Every structure is written in structure tokens, then in C-alpha cells.
Amino acid sequence: MRKVDLKTDKLEIIFSIFLLLFALEPLFGGMPTVDYAVWGLIVLCIVLLFVFLVRDLVKDARGFLSRYTSRSVLSVLEIVICLIGIAVSYAVEASMNSFWIFLLVLTVIAYFLPTPKGAK
């Protein structure tokens, strides 16, 4: 498991922030101003994800896949965020339970898969 580098792992960090905002969003449904702010941050994260993804793909197409299939500390954080999403979804009785369980299963499976030989 590799450490997080702020220069190279921007995409993973933004994705983790996006997941966290999406997991906590049902808590703010009763407060319209905060809810709009959270949705604005979610849209900003999606735009930044797309920009960094395209930039990294154009910059280094060969190392692109190996860079994003290696595990980092953020892999464990994504599992925790999925558990937070499940807890929040059950607490506010949102209809996202099956989505968060599915995402948790995918994240755990991806965590235990062996990394490709080119990945660090």
C-alpha cells in the first residue's frame, strides 16, 4: 500500500471527497441552503474529476491504467465512506441502501484483488 501524494493523487482525493459529500448529502435535505451548497460541491468535484482524468490520460496514456489500479491509503478511506453512506442512508431512511452496499462490495473486492505488475 502506497502513501498519498498530493501532486499525483489529486484524482483519488477528489473522488473520495465526492463520495463523502454524496454519502452525507441526505443529512442536509431539510436545510435548502446547505443542501444547495453540498450539491454545488458535488458538481464541482465531478467537473474536476473529468478535467484531471482527461489531463492525465492525454499526458501519459500508457501509465494511466497502472497508476489508477494501484492501492493507496485512500482505498481504506473509500471503504469507510461507503460504511458512512450505509449508516446515513439507514438513518434518514433514504432509498440509497442498495447503492451503498453495492459500492461497498465493489470497493472491498477491488481492495483484495492483486495489483497489476506495473503498478506500485
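Predicted model: local features only at pLDDT ≥ 70, side-chain atom pairs only at ≥ 80, totals over all residues.
Local features are reported where pLDDT is at least 70, side-chain atom pairs count only at pLDDT 80 or more, and totals for chains, interfaces and linings use all residues. Residues are numbered from 1 along each chain as its sequence is written, and side-chain values use heavy atoms, with hydrogens and water left out.

The secondary structure of the protein chain comes to 5 helices and 0 strands. Helices (H or I, at least four residues) and strands (E, at least two) are DSSP runs, numbered from the N terminus. Along the sequence the pattern reads α-α-α-α-α. The chain has 120 residues, and 32% of them are buried. Buried means under 20% relative accessible area, exposed means over 50%, and partly exposed lies in between (1.4 Å probe, protein chains only). The chain exposes about 7900 Å², with 73% supplied by carbon and sulfur atoms. Accessible areas come from the Shrake-Rupley method with a 1.4 Å probe; for residues, only the protein chains shown count as cover. Contact means heavy atoms within 4.5 Å. Among contacts between residues at least 6 apart in sequence, 68% join residues at least 24 apart.

Helix spans were compared with expected values. The expected span is 1.5 Å times one less than the number of residues. H1 has 15 residues and reaches 21 Å from its first C-alpha to its last, close to the 21 Å expected. Helix H2 covers residues 32-59. Its 28 residues should span 40 Å, and its end C-alpha atoms are 40 Å apart, which agrees. H4 has 19 residues and should span 27 Å; its end C-alpha atoms are 27 Å apart, again in agreement. H4 is followed by Glu93, whose phi is positive, near 55°.

Helix H1 buries Leu11, Glu12, Ile14, Ser16, Phe18, Leu19, Leu21 and Ala23. In H4, the buried residues are Leu74, Ser75, Glu78, Ile79, Ile81, Cys82, Gly85, Ile86, Val88 and Ser89. The buried residues of H4 pack against H1 and H5. Glu78 illustrates a charged residue in this helix. Glu78 counts as buried because its relative accessibility is 16%, under the 20% limit. Leaving out residues up to four places away in sequence, Glu78 touches Phe15, Ser16, Leu19 and Thr107. Ala87 also lies in helix H4. Its relative accessible area is 45%, so Ala87 is partly exposed. Ala87 and Trp100 are 13 residues apart in sequence, and their C-alpha atoms are 9.4 Å apart in space.

The largest nonpolar core has 10 residues: Leu19, Ala23, Ile79, Ile81, Cys82, Ile86, Trp100, Leu103, Leu104 and Tyr111. Helix H1 (10-24), helix H4 (73-91) and helix H5 (97-112) each give two or more residues to this core. Another core, of 9 residues, lies apart from it; among its members are Leu11, Phe18, Leu21 and Leu49. A nonpolar core is a set of buried Ala, Val, Leu, Ile, Met, Phe, Trp, Tyr and Cys residues joined through side-chain atoms within 4.5 Å. In soluble globular proteins, nonpolar side chains tend to be buried together. Cys82 touches Trp100, Leu103, Leu104 and Thr107, not counting residues up to four places away in sequence.

Asp35 is buried, with a relative accessible area of 14%. Beyond its neighbours within four places in sequence, Asp35 is in contact with Glu25, Phe28 and Gly29.

The structure holds 1 salt bridge. A salt bridge is a side-chain nitrogen of Lys or Arg within 4 Å of a carboxyl oxygen of Asp or Glu. The side chains of Arg55 and Asp56 meet in it, at 3.4 Å from N to O. Arg55 counts as partly exposed, at 39% relative accessibility, whereas Asp56 is buried, at 9%.
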